[in-house]
Every structure is written in structure tokens, then in C-alpha cells.
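Have the viewer open as you read.

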Amino acid sequence: MRIDIITVLPELIKSPFEASILKRAIENQLVEVHFHNLRDYTTDNYKSVDDYQFGGGAGMVMMIEPIDKCISELKSQRAYDEVIYMTPDGTVFNQQIANHLSLKGNIIILCGHYKGVDQRVRDLFVTKEISIGDYVLSGGELAAAVLCDAIIRLIPGVLGNETSALTDSFQDNLLAPPIYTRPREYKGMKVPEVLFSGNFPKIEIWRDEQSYQRTKERRPDLLDD
């Protein structure tokens, strides 16, 4: 997979890819991540990427021309499966979307900033608009990092245990069950005996029951889907 991230603040988004799982995925050539500074595609001396909005109103708007130049240059080099715009009014991101995107080959992610982008960018280039929640950030960079983390960890070979991602919360619309490690007892709190039974079918039944119960208590909306 190749991910191209378009941003006005590349220094803000690079650090999550320089440590832990994402760093290893890149080093092992399981994914390519490239950052493109939108100011490199401007034509004026001030490297302007935004302007006042027509009709008045608060907030600056990202202009279409530098975005067009950047996306067009990338598309001249390879085909892309999706051009994703990170925006608060997009489809709310979930595990099913992450699963779907993890199967793609090449993705462009456009990070919004200021008041957002000229609507013509969304009309002409964007194939999918994604939000990570019903709140507003200063820009789309942190949201793009969240999106990438959720996608990349699903790529085969990225996690040490291939089945780990399949047992995460929200797979099959259920939250993950309780998990335990040593010591077996701590301050009077004991690990459930079933986990020491060695009866793995019985353990899986217990985990399924716990997942359902936890989902019912904490996120009943998931059971309605």
C-alpha cells in the first residue's frame, strides 16, 4: 500500500510514523507513506494556500489551484483507489471503513485546514470524506494520522500476531472482552478460572459472552446495527 498525505503542516503529522508499529511497517516495506507540503505547489512569493471566502464570513479557505496541482501530479505517476478528505462533516470513521481501506493499493489523504477547502476540490477530486468524530480540530493532520494507524495495522505482516487485529473492539460490532496477565491474583482480585482451564473452546465461549455483555452495557447502539 502507498499513502500520500497532502498537508500545509507536514511537521505536525510526521512523528506518528517515526515510532512503533507504523515505523516498522514502513521499514519492512509493507506500506509507503509520503508527505506533500501544499506550499510547494503555490506560484506566489508568499506561498499562499488560502484566501478569504466569497460572500464574506469568518475563516480562510484553502484554494483549489495548489491542491489541483498536487493531486494532478500524483495521479500522473500512478492510479489511486481513493482521494480522501479529512473533514468534520464527513462520514464518521469506524472499523468497517478501516477494514475496507486496508485492502486498497494507493490512497491520497487531503488534510483540511483553516475553514476548509474550496467546494470545487470536493466536487472534482475527493472520492471519500471522512470524520474521526463529531468535533472540530485545528486541521486534518491528526485525523489523518488516526486514519493511517487504523488502516496500516490491518495490513498482513504489520502486527506480530496475524489474528490480533481480528479480535479488536468493533470487529463484528462487538467490544473486546476483558483481558488479563500476571500476576494471577492482585490485591484480592483474581483472574477468572476459565482462562486457566486449557479448554480453548470453553474460553472462546466465555470471551464471546463477555464481549456481548460489555457491548450491551457500554455501546448498545452497536448491537442495533
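## Cysteines

With a disulfide taken as a pair of cysteine sulfur atoms within 2.5 Å, the count comes to zero disulfides. Cys70 is in no disulfide, and the nearest cysteine sulfur, in Cys111, is 11 Å away. The sulfur of Cys148 also has Cys111 as its closest cysteine partner, at 8.2 Å, which is too far for a bond.

Cys70 is buried, at 0% relative accessible area, and Cys148 is buried at 0% too. Here buried means under 20% relative accessible area, exposed over 50% and partly exposed in between, with a 1.4 Å probe and protein chains only.

## How the model was treated

This is a predicted model, in which local features need pLDDT of at least 70 and side-chain atom pairs count only at pLDDT 80 or more, while totals for chains, interfaces and linings use all residues. Residues are numbered from 1 along each chain as its sequence is written, and side-chain values use heavy atoms, leaving out hydrogens and water.

## Strand S9

Met189 sits in strand S9 (residues 189–190); strands are DSSP runs of E, at least two residues, numbered from the N terminus. Met189 counts as exposed, at 56% relative accessibility.

Where does Gln77 lie relative to Met189? Their C-alpha atoms are separated by 58 Å, and the two are 112 residues apart along the chain.

Key. Helix = DSSP H or I, 4+ residues; strand = E, 2+ residues; numbered from the N terminus.
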